[in-house]
Amino acid sequence: MEQLLYKVEDRPPLFITSALLSLQHLLAALGGIIAVPLVFGGALKLPADQVIALVNAALLGSGLVTIIQCRGVGPIGIRLPCVMGTSFAFVGAGISVGLEHGVPGILGSSLVGSLVMIVGSYFMPVIRRFFPHTVTSVVVTMIGLSLTPVAVDWAAGGVGSASYGAVGHLAIAAFVLLLVIAFVQWGKGMVSACAVVLGILGGYVLCLALGLIDFSQVRDAQVFAIPQPMHFGMAFPVSGIVAMSIAFLVTIVETTGTFMALGAATQTRIDGKRLSSGILCDGVGSAFAAIMSSPPLSTFAQNVGVVSLTGVASRHVVMLTGVLLVVAGLFPVLGAVVVTIPLPVLGGAGLMMFAMIISAGIRMLSGCEHTKRNSLIIAVSLGCGLAVTVRPDLLARLPAFVREVFGSGITVGALVAVALNLVLPGWEKAEAEEGEPA
């Protein structure tokens with residue numbers, strides 16, 4: 001097992017060190033946090049000031065809940081390096097609610113739907129029993145496999161871009177990827193630990209020299225803004241509450257897998273009690289986010305890749321990331337500067353980060369007992385998960401409920417692995433030999 005540079009409870013000796021390390025997590029997460037409010041704004045045709053209000057609230061809510069998830073407040077918070085952010089798991093349900101009931105319907109449905117996650121958190125010791133080592137290994141691997149196409153799309157210039165796959169985009173992404181590899185392999189101490197931020201900085205400077213940076217968003221951004229609670233008001237349509245509740249159920253499965261992956265990356269045992277604290281924070285955080293006029297939150301899987309790549313597992317570093325997100329929410333111009341980073345630059349770094357999660361999953365899979373039963377669980381669950389990931393149109397003709405539940409490769413892989421683990425003979429033996437007691 002590789003030695004961590006900073007363990008979960010370690011604090012880097014210098015503030016500047018912590019700041020640089022936390023900036024890597026911010027860069028990995030910021031695009032995803034901003035993207036969901038932008039998608040809602042575009043789908044609902046919201047005016048610019050309302051989209052800005054959604055973005056600011058998402059940044060502030062993500063930052064505050066990240067601090068709580070890392071630090072812990074009583075029974076709330078897993079106390080591991082988790083970055084929280086608005087989740088694409090809620091986009092489908094949110095848009096369907098928003099088209100009929102507007103943003104108030106999304107926020108009200110999210111507030112009530114978050115109770116599913118809050119209540120569900122108390123059953124995590126039982127749910128943990130369904131995730132022995134073989135199942136956990138599949139879920140961790142599937143997280144990496146599902147995120148990698150996202151990095152590939154970034155590297156190619158972004159889905160829907162007229163210049164998707166242009167040689168220039170791929171060359172920039174390759175340049176950043178090579179920089180990150182060089183910093184990780186040959187860098188010492190802080191250089192290796194900050195490989196992601198240094199690689200992105202190198203790619204940004206290259207794009208700046210080539211005249212590829214668009215600063216229009218920075219010029220148009222507000223310098224300071226305080227997100228207002230209940231800015232949009234709330235509505236509580238029954239159909240919206242049901243849709244969001246289903247999305248929260250799906251998120252419980254995905255977040256459980258993310259916590260398992262984080263446990264592997266930080267060399268921390270994830271038992272049922274710890275899972276309960278993490279899921280409870282996700283639920284309470286989403287309720288708080290709704291009140292702050294933000295879409296629901298969940299734990300970001302992509303930041304597990306930062307931990308795996310850099311060996312920095314300090315929760316205190318990621319708490320500082322939460323502080324940076326709060327500052328970005330209060331000073332939108334700072335977030336606008338980060339958003340100017342071209343997608344190919346993020347794609348080069350993201351490809352490395354997400355592939356590191358796959359590497360961690362493969363290491364875990366290699367530790368599974370080599371039996372016919374385990375081979376079936378691994379093969380079928382990864383195959384089904386990849387089917388949804390690479391061919392999402394596979395579910396296009398199925399009912400909306402089915403698409404909502406099985407739209408994520410991570411969820412499909414996890415559910416198939418859990419189901420096969422229960423159905424195939426030998427579950428009790430597998431639980432005794434591989435599982436950790438809740």
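Colleague: Why is V327 called partly exposed?

Modeller: V327 has a relative accessible area of 30%, and the class runs between the cut-offs for buried (under 20% relative accessible area) and exposed (over 50%), taken with a 1.4 Å probe on protein chains only. V327 is therefore partly exposed. This is a predicted model, in which local features need pLDDT of at least 70, side-chain atom pairs count only at pLDDT 80 or more, and totals for chains, interfaces and linings use all residues. Residues are numbered from 1 along each chain as its sequence is written, and side-chain values use heavy atoms, with hydrogens and water left out.

Colleague: Where is V327 found?

Modeller: V327 belongs to helix α13, residues 315–330; helices are DSSP runs of H or I with at least four residues, strands are runs of E with at least two, and both are numbered from the N terminus. From V327 to G63 the C-alpha distance is 8.3 Å, across 264 residues of sequence.

Colleague: What makes T411 buried?

Modeller: Its relative accessibility is 1%, so T411 counts as buried. T411 sits in helix α18, residues 409–423.

Colleague: Which residues does T411 touch, not counting those up to four places away in sequence?

Modeller: V250, V253, E254 and V405; contact here means heavy atoms within 4.5 Å. With E254 there is also a polar contact, side chain to side chain, at 3.0 Å. That term needs a pair of N or O atoms within 3.5 Å; within protein, one must be able to donate a hydrogen and the other to accept it, and residues adjacent in sequence count only if both atoms are side-chain atoms. T411 and G257, 154 residues apart in sequence, have C-alpha atoms 8.7 Å apart.

Colleague: How do α10 and α18 pack?

Modeller: At an angle of about 75°, with the axes 9 Å apart. That makes α10 roughly perpendicular to α18, since the class covers 65 to 115 degrees, with under 35 roughly parallel, over 145 roughly antiparallel and the rest oblique. V250, V253 and E254 of α10 meet I410, T411, A414 and L415 of α18. The axes are lines fitted to C-alpha atoms, for helices over the stretch in contact, and the angles run from 0 to 180 degrees between N-to-C directions.

Colleague: Why are α5 and α15 called roughly antiparallel?

Modeller: Helix α5 (residues 133–155) packs on helix α15 (residues 343–366) at about 165°, with axes 7 Å apart. α5 and α15 are therefore roughly antiparallel to each other. Their crossing is left-handed, a term used if the near helix is turned anticlockwise from the far one by less than a right angle, with clockwise giving right-handed.

Colleague: What makes α3 roughly antiparallel to α11?

Modeller: α3 (residues 91–120) and α11 pack at an angle of about 165°, with their axes 8 Å apart. That angle makes α3 roughly antiparallel to α11. This contact includes L107, S110 and M117 of α3, and I279, D282 and G283 of α11. The crossing of α3 and α11 is left-handed.

Colleague: Is T255 buried or exposed?

Modeller: T255 has 2% relative accessibility, so it counts as buried. T255 lies in helix α10. Beyond four places in sequence, T255 is in contact with M117, I279, D282, S298 and T299.

Colleague: How do you know that F90 is buried?

Modeller: The relative accessible area of F90 is 0%, so F90 is buried. F90 is in the loop between β1 (84–86) and α3. Its contacts beyond four places in sequence are F40, M244, A247, F248, T251, P296 and L297.

Colleague: Which loop holds S293?

Modeller: The one between α11 (272–291) and β2 (297–299). S293 has a positive phi of about 70° although it is not a glycine. At 2% relative accessibility, S293 counts as buried. M230 also has a positive phi, of about 55°, and is not a glycine. M230 lies in the loop between α9 (216–220) and α10 (238–266), and with 42% relative accessibility M230 counts as partly exposed.

Colleague: Where is confidence lowest in the protein chain?

Modeller: Helix α19 (residues 427–434) is lowest, at a mean of 59, and α11 is highest, at 97. These are pLDDT values, the predictor's confidence in each residue from 0 to 100. The chain averages 92, and 97% of the residues score at least 70. Over residues 434–438 pLDDT stays under 50, and the model has 16 contacts for them beyond four places in sequence. Where pLDDT is low, the predicted coordinates should not be read in detail.
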